[in-house]
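Here is a short briefing on a protein model. Look over the sequence and the structure first, then read the notes below.

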Amino acid sequence: MRPWYKKKRTWVLGILGVVVVVALAGGGGGDDDRSGDAASEADSSSRNTENPPVQDVTVTVCEPGQFGPTVKVRITNHSSKRSNYLISANLENANGDKVGEANGASNNVDAGQTAESDLLASASGEFTRCVVKNVERFASS
(Lines give C-alpha, C1' and ligand atoms only; values in the text may rest on other atoms or scores of the structure.)
Protein backbone atom coordinates (compact mmCIF):
# COMPACT_ATOMS: atom_id res chain seq x y z
CA MET A 1 0.00 0.00 0.00
CA ARG A 2 1.38 3.39 -1.01
CA PRO A 3 1.66 6.22 1.54
CA TRP A 4 -1.03 8.93 1.31
CA TYR A 5 1.39 11.52 -0.09
CA LYS A 6 2.09 9.36 -3.16
CA LYS A 7 -1.55 9.06 -4.22
CA LYS A 8 -2.46 11.27 -7.16
CA ARG A 9 -6.04 11.98 -6.03
CA THR A 10 -4.83 13.24 -2.67
CA TRP A 11 -2.44 15.64 -4.36
CA VAL A 12 -5.08 16.85 -6.84
CA LEU A 13 -7.63 17.51 -4.07
CA GLY A 14 -4.95 19.17 -1.93
CA ILE A 15 -3.86 21.48 -4.73
CA LEU A 16 -7.49 22.32 -5.52
CA GLY A 17 -8.02 23.18 -1.84
CA VAL A 18 -5.03 25.53 -1.85
CA VAL A 19 -6.27 27.25 -5.02
CA VAL A 20 -9.72 27.74 -3.48
CA VAL A 21 -8.25 29.21 -0.28
CA VAL A 22 -6.03 31.61 -2.22
CA ALA A 23 -8.88 32.66 -4.55
CA LEU A 24 -11.39 33.55 -1.83
CA ALA A 25 -11.31 36.55 0.53
CA GLY A 26 -13.44 38.17 3.32
CA GLY A 27 -17.18 38.69 3.13
CA GLY A 28 -20.44 40.11 4.38
CA GLY A 29 -23.91 38.75 4.65
CA GLY A 30 -27.60 39.26 4.98
CA ASP A 31 -30.29 37.93 7.29
CA ASP A 32 -33.04 36.37 5.18
CA ASP A 33 -33.83 32.78 4.13
CA ARG A 34 -30.59 31.14 3.07
CA SER A 35 -31.58 27.62 2.09
CA GLY A 36 -30.50 26.04 -1.18
CA ASP A 37 -31.75 23.05 -3.12
CA ALA A 38 -28.87 21.22 -4.78
CA ALA A 39 -30.90 18.94 -7.02
CA SER A 40 -32.91 21.71 -8.70
CA GLU A 41 -30.10 24.02 -9.83
CA ALA A 42 -26.78 22.15 -9.66
CA ASP A 43 -24.94 20.31 -12.38
CA SER A 44 -22.15 17.76 -12.63
CA SER A 45 -19.99 16.18 -15.28
CA SER A 46 -21.01 12.76 -13.94
CA ARG A 47 -22.80 10.41 -16.30
CA ASN A 48 -24.39 8.56 -13.38
CA THR A 49 -28.10 9.04 -14.00
CA GLU A 50 -29.19 6.43 -11.44
CA ASN A 51 -27.49 8.23 -8.51
CA PRO A 52 -26.43 11.70 -9.70
CA PRO A 53 -23.94 13.47 -7.40
CA VAL A 54 -26.06 16.64 -7.22
CA GLN A 55 -28.71 14.73 -5.29
CA ASP A 56 -26.12 13.83 -2.63
CA VAL A 57 -25.61 17.42 -1.38
CA THR A 58 -27.90 19.75 0.58
CA VAL A 59 -27.13 23.15 2.13
CA THR A 60 -27.76 23.00 5.90
CA VAL A 61 -26.33 26.38 7.02
CA CYS A 62 -26.07 29.61 5.03
CA GLU A 63 -25.55 32.68 7.19
CA PRO A 64 -23.19 35.53 7.96
CA GLY A 65 -20.34 34.53 10.22
CA GLN A 66 -17.80 36.37 12.35
CA PHE A 67 -15.13 36.15 9.63
CA GLY A 68 -17.33 35.89 6.54
CA PRO A 69 -20.21 33.71 5.35
CA THR A 70 -20.78 30.34 7.01
CA VAL A 71 -21.88 27.67 4.54
CA LYS A 72 -22.31 24.03 5.54
CA VAL A 73 -23.57 21.09 3.53
CA ARG A 74 -24.78 17.57 4.25
CA ILE A 75 -23.50 14.90 1.88
CA THR A 76 -25.25 11.55 1.62
CA ASN A 77 -23.36 9.15 -0.63
CA HIS A 78 -26.03 7.39 -2.71
CA SER A 79 -23.43 5.65 -4.90
CA SER A 80 -22.20 2.10 -4.35
CA LYS A 81 -18.57 3.08 -3.61
CA ARG A 82 -16.61 5.21 -1.15
CA SER A 83 -16.37 8.63 -2.78
CA ASN A 84 -14.64 12.03 -2.72
CA TYR A 85 -16.69 15.16 -3.37
CA LEU A 86 -15.92 18.61 -4.80
CA ILE A 87 -18.71 21.13 -4.19
CA SER A 88 -19.29 24.71 -5.31
CA ALA A 89 -22.17 27.02 -4.43
CA ASN A 90 -23.26 30.58 -5.18
CA LEU A 91 -24.35 33.09 -2.56
CA GLU A 92 -27.22 35.12 -4.01
CA ASN A 93 -28.97 38.34 -3.01
CA ALA A 94 -32.75 38.87 -2.91
CA ASN A 95 -32.76 39.59 -6.67
CA GLY A 96 -31.06 36.27 -7.43
CA ASP A 97 -27.76 37.94 -8.36
CA LYS A 98 -24.55 36.17 -7.40
CA VAL A 99 -22.72 38.14 -4.68
CA GLY A 100 -20.35 35.43 -3.51
CA GLU A 101 -19.30 31.84 -3.75
CA ALA A 102 -18.41 28.86 -1.60
CA ASN A 103 -16.23 25.85 -2.38
CA GLY A 104 -15.18 22.73 -0.54
CA ALA A 105 -14.33 19.07 -0.60
CA SER A 106 -15.08 15.98 1.45
CA ASN A 107 -13.09 12.79 1.06
CA ASN A 108 -13.73 9.11 1.79
CA VAL A 109 -17.49 9.23 2.27
CA ASP A 110 -18.52 5.57 2.38
CA ALA A 111 -21.48 4.30 0.36
CA GLY A 112 -24.66 5.09 2.28
CA GLN A 113 -22.77 7.31 4.74
CA THR A 114 -23.74 10.90 5.58
CA ALA A 115 -21.06 13.55 6.15
CA GLU A 116 -21.19 17.20 7.16
CA SER A 117 -18.78 19.62 5.48
CA ASP A 118 -17.93 23.32 5.79
CA LEU A 119 -17.46 25.23 2.54
CA LEU A 120 -15.00 28.11 2.30
CA ALA A 121 -17.09 31.14 1.36
CA SER A 122 -16.81 34.83 0.55
CA ALA A 123 -19.35 37.47 -0.41
CA SER A 124 -19.13 41.04 -1.66
CA GLY A 125 -22.58 41.99 -0.41
CA GLU A 126 -25.62 40.82 1.52
CA PHE A 127 -26.93 37.40 0.54
CA THR A 128 -30.30 35.74 1.07
CA ARG A 129 -29.53 32.18 0.02
CA CYS A 130 -26.84 29.67 -0.91
CA VAL A 131 -27.38 27.54 -3.99
CA VAL A 132 -25.28 24.47 -4.81
CA LYS A 133 -24.12 24.91 -8.42
CA ASN A 134 -21.79 21.98 -9.05
CA VAL A 135 -21.04 18.64 -7.42
CA GLU A 136 -18.35 16.27 -8.64
CA ARG A 137 -18.04 12.81 -7.11
CA PHE A 138 -15.01 10.57 -7.59
CA ALA A 139 -14.47 7.01 -6.34
CA SER A 140 -11.98 6.96 -3.44
CA SER A 141 -9.00 4.65 -3.54
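**Disulfide and sheet**

Cysteine 62 and cysteine 130 are linked by a disulfide, S to S 1.8 Å (a disulfide is a pair of cysteine sulfur atoms within 2.5 Å). The model is predicted: local features need pLDDT of at least 70, side-chain atom pairs count only at pLDDT 80 or more, and totals for chains, interfaces and linings use all residues. Residues are numbered from 1 along each chain as its sequence is written, and side-chain values use heavy atoms, with hydrogens and water left out.

- Cysteine 62 sits in strand E1 and cysteine 130 in strand E6, so the pair ties together parts 68 residues apart in sequence.
- The structure holds one disulfide.
- The torsion about its S-S bond, between cysteine 62 and cysteine 130, is about 75 degrees, so the disulfide is right-handed.
- Cysteine 62 and cysteine 130 are both buried (under 20% relative accessible area, with a 1.4 Å probe and protein chains only).

**The sheet**

- Six strands form an open sheet in the order E1-E2-E5-E4-E3-E6, with antiparallel pairing.
- Strands are DSSP runs of E, at least two residues, numbered from the N terminus; two of them pair if DSSP finds at least two bridges between them.
- Strand E1 (57-65) and strand E6 (129-139) are at the edges, each with a single partner strand, so one side of each has no neighbour in the sheet.
- Neighbouring strands of this sheet are turned by 20 degrees against each other on average, direction ignored (axes are lines fitted to C-alpha atoms; angles run from 0 to 180 degrees between N-to-C directions).

**The E3-E4 pair**

- Strand E3 (residues 83-92) and strand E4 (residues 98-109) run antiparallel and are joined by nine bridges.
- Leucine 91 stands opposite glycine 100 in E4.

Conventions: Helix = DSSP H or I, 4+ residues; strand = E, 2+ residues; numbered from the N terminus. Buried < 20%, exposed > 50% of the residue type's maximum accessible area, 1.4 Å probe, protein only.
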